[in-house]
Amino acid sequence: MTSEENDLLCRVMGDAPMGQLMRRHWTPVCLIEEVQDPDGPPVRAQVFGEELVVFRDTAGQVGVIGEHCPHRGASLVLGRNEEGGLRCLYHGWKFDVRGNILEMVSEPAGNRMAAGIKHPAYPTKEWGGMVWAYMGPPETMPEFQPPAWAPSPDVKVTIAKAVLPCNWAQVIEGAIDSAHSSSLHSSDMVPAEVNGAQATGSVWLRPSNDKAPRLQLERTAYGFRYAAIRKPIHNADVNDYVRSTVFVAPATALIPPNNLYNVANINVPADDTNTVFYFIAWGHPSQTPDTAAWRKFLGQTLGEDLDKHYRPLRNRDNHFWQDREAMQAGNFTGITGFPNQDIAMWTTMGAIADRSADHLGASDLAVAEFRKQMLKAVRAFQETGAAIGTGADAIPAEVCAFQSMIPKGSDWKSFKVSPVGESQPEPAHTPQAQNV
């Protein structure tokens, strides 16, 4: 990639084409738990470089509006959330969830200024544990469609959130890169004589110790599917172990599941050099971990691993709390929590990775495809205004990530699968589970 292509791919602020493309999708702004209470504290958010405030009014409606009061620019995050609106502390101007000015207490009675001012506000939707907003032009707003990782209200969704000091593209590239898991996460995704990926309280077991998967890819209108095909530990002469990841443009990955629940992430650009990373477990309520357990497992607990603004306490300055003694004892990275291992890689690439210096190999098929596809998509958007993955090109409901043993010679693209928690095909082989 050239430096110019890298900028086109990565930059999202203002009129940047990639940011404008992303604004044609409904976008997560914060977690519902952050604004759970009517008249509760407002929350600051930043998306595509735009500074926002999120609040729940007296009636329970959620608003996503511009952070800065249109009067003199003071922050509404400090405002009073009361009696159906958010009141600026500076002069008492009050705004509803739609950006209408309800009161101007500093102005004389009868003043008509309010009628001529509309504060920036975005349509919102609460779904899957998140507050979503549509930040594109009103005339292009599509109907909200549930994401693939929260297809219905009865699916349990558990989310860990972290605000990372790096560009969104290097985060999603990490999420869709299946090859790295056999090295970077090898102490947390442990090879074992199992028939498929299995979750325990401390690790995920997988039925292969193959560190160099064969990659195959299928392009789609919404992004692409691809398979990392590995030699299994057991019955390698008749079976392949397949992990199939789905990239949902512009910034979502459906990650191969384990035996209990499905996994996904969505990556929201706060600005050009910061990303809000949401790591998601979802599936049947009886099998999907609760919020505290999920965040503890990942090393993403507020107050322990993250500060109150969801920024990781592990960082480059403290070497991500890397334990060299644990490494000498056999732990591959010495970094606790596999998302923290990823975060160490993503953030040490720099605020915006210099892709012109990369040397990609066969294991980087999905990364290369992401770059080519999103550059093509953003150029098409510049020419036509059509955004990848929208309208008729949205991901079909039946598409999901999967992992399974399949007979050698089978076509993974036509392998019948459904999310964990629904009916699943019988695996090709089911040996007794045993660590190796």
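I take two strands as paired if DSSP finds at least two bridges between them. Strands are DSSP runs of E with at least two residues, numbered from the N terminus.

I am working on a predicted model, where local features need pLDDT of at least 70, side-chain atom pairs count only at pLDDT 80 or more, and totals for chains, interfaces and linings use all residues. Residues are numbered from 1 along each chain as its sequence is written, and side-chain values use heavy atoms, with hydrogens and water left out.

Entry 1: I looked up the hairpin of S18 and S19 and found three residues between the two strands. S18 spans residues 239–248, and its pairing with S19 is antiparallel, over three bridges. In this pairing Val246 lies opposite Leu254 of S19.

I then went to the other neighbour, S20 (residues 262–271), which is antiparallel to S19 and joined to it by four bridges. Here Leu254 faces Ala264 of S20. S19 and S20 also make a hairpin, with six residues between them.

**Entry 2: burial of S19.** Are the faces of S19 buried or exposed? I count a residue as buried under 20% relative accessible area, exposed over 50% and partly exposed in between, with a 1.4 Å probe and protein chains only. In a regular strand the side chains alternate between the two faces of the sheet. For S19 (residues 252–255), Thr252 and Leu254 are buried on one side, and Ala253 and Ile255 are buried on the other.

**Entry 3: domains.** I noted the division into domain 1 (26–140) and domain 2 (156–414); such bounds come from an automatic or database domain assignment. The two domain centres, taken over C-alpha atoms, are 34 Å apart. To the contact (heavy atoms within 4.5 Å), domain 1 gives 16 residues and domain 2 gives 13 residues.

I also checked UniProt, where an unreviewed entry places "domain: Rieske" at residues 26–133. UniProt positions are given in the numbering used here, feature names are shortened, and annotations may be inferred rather than shown by experiment. Over residues 26–133 I read 0% helix (DSSP H or I, at least four residues) and 43% strand, with the end C-alpha atoms 6 Å apart.

**Entry 4: the interface.** Buried area is the accessible area (1.4 Å probe) that two parts lose on being put together, summed over both. Between domain 1 and domain 2 it is about 1,000 Å², with 60% from carbon and sulfur atoms. Which three residues supply more than any other three of the area that domain 1 buries against domain 2? Leu31, Gln46 and Met130 do, with 38%.

I searched for salt bridges (a side-chain nitrogen of Lys or Arg within 4 Å of a carboxyl oxygen of Asp or Glu) and found two across this interface. I also logged a salt bridge between the side chains of Arg295 and Glu33, at 3.0 Å from N to O.
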